[in-house]
Amino acid sequence: MIEKFFYFLKGTVSFTAENGFPERMITQCGREELNVFDVSATDTGIEARCFLHDFTKIKLLSQKYGVTIKKGKQNGFPVVLRRYKYRFMIPGMLLLILLLLLFSQSFLWTIEIRGNRTLSDNAILAVLNEEGLTQMTFLPNLDLRMVCEEVMLKLPQLSFITLNRYGSRVEAVVAERNLAPQIQSNEPCDIVAAEDGVIRSIEVYNGEETTASGYAVQKGEILVHGHYQTKKGQERLVHADAKIIAEIFFEKTISIDLEEVAKQETGEITNRSFFYFFGIKIPLSFPNEPTGTYKEEWKERPFELCGKTFPFGTATLTKRYYTNTDEATAKENGEAILRRAFTQYEIEELSDCAILSRETNISVNNNVLSMTIQYTAERDIAQQAEITLQEFTASPESN
């Protein structure tokens, strides 16, 4: 039974051998390990069977002994498969397409953002991309909970984010932090310190001050009360207003990779087009590329239909060639870049400050150049804040 099943899997063919020396041919088949079985004599020669893959070799061997081979009936699984290949092709293709669709669900196609009000979709997507959540990411290898934690660290404007996976789609549900409410000019409020510092001057326009010049204050400390007591002993609530200049101290660090600074582009650029499908890239062009070191930049243009983005399309590989400078030049160039970055930082972030002094510290660690500047500046730290019930409870006579 097992032998018949084995013969069926491999496939067999019957044949007749006439003329010449068929007995010698059969003997030679055994020496060359060609499987010939069910051998029987006929009136004109012999009749036998062999495996399908051995028949061609037996036919070549028959020419050596002058034997005429006539092919007979074929049996076995390969014969059935060949006979019904077109019938198997349609369900086989459907099965293959189904498997590909199921496999494609393991890759990320689209990311949807929900719940954001002030933060743009692009800002959130940029951080998600930095954490590895990009199109064609293999989702089973990605820890979505870890991605959420990293996004929370990089986007302090968020109070909550969760990533929900639906097949090949990921939905990012976010909640932004509630900012301090805007206080109208007719609403009672206090003035608190927006940050730590030492008071240098104070001008109170409305309210009762609690500090004076020369005092050190902490962030959130009440500097001007929005209520005061009249001569008749009545408590009044007012909209506190003041200008409080304080001397503040803070530092800023900006870093840059010296390996990147050492790369000076030669101006040679090549572009090569590709067609990509499920992460497989097929080149469409073969430009002449110069020798040397280069940086690669990929730009993908996925196929889109009815608002859906598919995991295939065209891509362009841009190579920018460069040469490496020496370490001293790289450090000098890096310092110049960092100083320009600090100039831009002061223009954009410190426009409301009067900078009194700067103390610069430059360090190199693991080929990363860091510049830290400790600032001493003056700034108006007056910030309006609601009057809390714990601080003051109005009496029945209060207005």
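The model is a predicted one, so to speak of local features a pLDDT of at least 70 is needed, side-chain atom pairs count only at pLDDT 80 or more, and totals for chains, interfaces and linings use all residues. Residues are numbered from 1 along each chain as its sequence is written, and side-chain values use heavy atoms, with hydrogens and water left out.

Let's start inside. A nonpolar core here is a set of buried Ala, Val, Leu, Ile, Met, Phe, Trp, Tyr and Cys residues joined through side-chain atoms within 4.5 Å; buried means under 20% relative accessible area, exposed over 50% and partly exposed in between, using a 1.4 Å probe and protein chains only. The largest such core has 26 residues, and L223, V224, I244, F342 and I381 touch the most other members. Two or more residues each come from strand 8 (190-193), strand 12 (222-225), strand 15 (241-257), helix 8 (258-261), helix 9 and strand 21 (368-380). Helices (H or I, at least four residues) and strands (E, at least two) are DSSP runs, numbered from the N terminus. Strand 15 gives the largest share, six residues. Apart from this core lies another, of 19 residues, including C148 and L158.

F342 also turns up in a ring pair. Rings of Phe, Tyr and Trp (its six-membered ring) pair if their centres lie within 6.5 Å, and planes under 30 degrees apart count as stacked, over 60 as edge-to-face and the rest as tilted. The count by this rule is 11 aromatic pairs. In one of them, F342 and Y345 have ring centres 6.4 Å apart and planes at 90 degrees, so the pair is edge-to-face. These two sit three residues apart in helix 9 (residues 327-349), separated by about one helical turn. F342 is buried, at 3% relative accessibility, and Y345 is buried as well, at 16%. Elsewhere, ring pairs tie F6, Y7, F37 and F51 into a cluster.

Two strands pair if DSSP finds at least two bridges between them. Strand 8 and strand 22 run antiparallel and are joined by four bridges, and I191 stands opposite Q384 in strand 22.
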